[in-house]
Amino acid sequence: MAEKVLAGKTVKVNAEGYFEDLNEWTKEMAIEMAKEYNIELSPKHFEVLEYLREKQKAGESLTIRKVGNSGITDIKGLYTLFPGGPLKISSKLAGIPKPVSCV
């Protein structure tokens, strides 16, 4: 376990940079982390992040297909919003653990 300073606050993250405690997450932290991926978060990005957080809290497993069927965006749109690993990146920015479906 490591620590990372985001938006002026120290949070615990695992070796891959995923939050250990999803309750420490803030939108400001997501904005700061997104810069590492050259992503400027829009309201649509935040819709996806909130969806992921809700599903995580409900104990549901997350897949790209499930997000694509959420009504927020389709799978192609998810790749456009979070290029280079849409579920891995969006999960990290949402402050939730890496989904089991991600390698």
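**View 1. Where the charges sit, and the chain as a whole.** In the protein chain, the mean positions of the 15 positive and 14 negative charges are 4 Å apart. For this count, Lys and Arg are positive and Asp and Glu are negative, while His and the chain ends are left out. Each charge is placed at NZ of Lys, CZ of Arg, CG of Asp or CD of Glu. A quick word on what you're looking at: this is a predicted model, where local features need pLDDT of at least 70 and side-chain atom pairs count only at pLDDT 80 or more, while totals for chains, interfaces and linings use all residues. Residues are numbered from 1 along each chain as its sequence is written, and side-chain values use heavy atoms, with hydrogens and water left out.

Zoom out for a moment, and the C-alpha atoms fill a box of roughly 35 × 30 × 20 Å along the principal axes. A compact globule of 103 residues would have a radius of gyration near 13 Å, and the chain agrees because its own value is 13 Å. That radius is taken over C-alpha atoms, and the globule rule is 2.2 Å times the number of residues to the power 0.38.

**View 2. The run of strands and helices.** The protein chain has 5 helices and 2 strands, and along the sequence they come in the pattern β-β-α-α-α-α-α. Both kinds of element are DSSP runs numbered from the N terminus: helices are H or I with at least four residues, and strands are E with at least two.

**View 3. The surface and the inside.** On the inside, 43% of the 103 residues are buried. Here, buried means under 20% relative accessible area, exposed means over 50%, and partly exposed is in between (1.4 Å probe, protein chains only). Of the contacts with a separation of 6 or more, 48% join residues 24 or more positions apart; a contact means heavy atoms within 4.5 Å.

View 4. Valine 5 is in strand β1, and it's exposed because its relative accessible area is 53%. Leaving aside residues up to four places away in sequence, valine 5 touches Thr10 and Glu32. Lysine 44 is 39 residues along the chain from valine 5, and their C-alpha atoms are separated by 25 Å. Now look at the loop between β1 (2-6) and β2 (9-13), where alanine 7 lies. Alanine 7 isn't a glycine, yet it has a positive phi of about 50 degrees. With 38% relative accessibility, alanine 7 counts as partly exposed.

**View 5. Asn38, between two helices.** Asparagine 38 is in the loop between α1 and α2, and its 74% relative accessibility makes it exposed. Here's another non-glycine with a positive phi: asparagine 38 has about 55 degrees. Phenylalanine 82 is 44 residues away from asparagine 38 in sequence, but C-alpha to C-alpha they are 9.7 Å apart.

**View 6. Helix α2 and its cover.** With 15 residues (43-57) at 1.5 Å a residue, helix α2 should span 21 Å, and its end C-alpha atoms agree because they are 21 Å apart. The expected span is 1.5 Å times one less than the number of residues in the helix. Which residues of α2 are buried? They are His45, Phe46, Val48, Leu49, Tyr51, Leu52 and Arg53. Their cover includes α1 (27-35), α3 (64-68), α4 (75-81) and α5 (86-93). Just after α2, glycine 59 takes a positive phi of about 80 degrees.

View 7. Arginine 65 is in helix α3, and it's exposed, with a relative accessible area of 61%. Its C-alpha atom is 30 Å from that of valine 11, which is 54 residues apart from arginine 65 along the chain. Threonine 73 sits in the loop between α3 and α4, and at 15% relative accessibility it counts as buried. Not counting residues up to four places away in sequence, threonine 73 touches Val48, Val67, Gly68, Leu78 and Leu81.

**View 8. Helix α5, buried or exposed?** Helix α5 is largely enclosed by the rest of the structure, because 7 of its 8 residues are buried. Those buried residues are Pro86, Leu87, Ile89, Ser90, Ser91, Lys92 and Leu93, and they pack against α1, α2, α3 and α4. Just after α5, look for glycine 95, with a positive phi of about 75 degrees.
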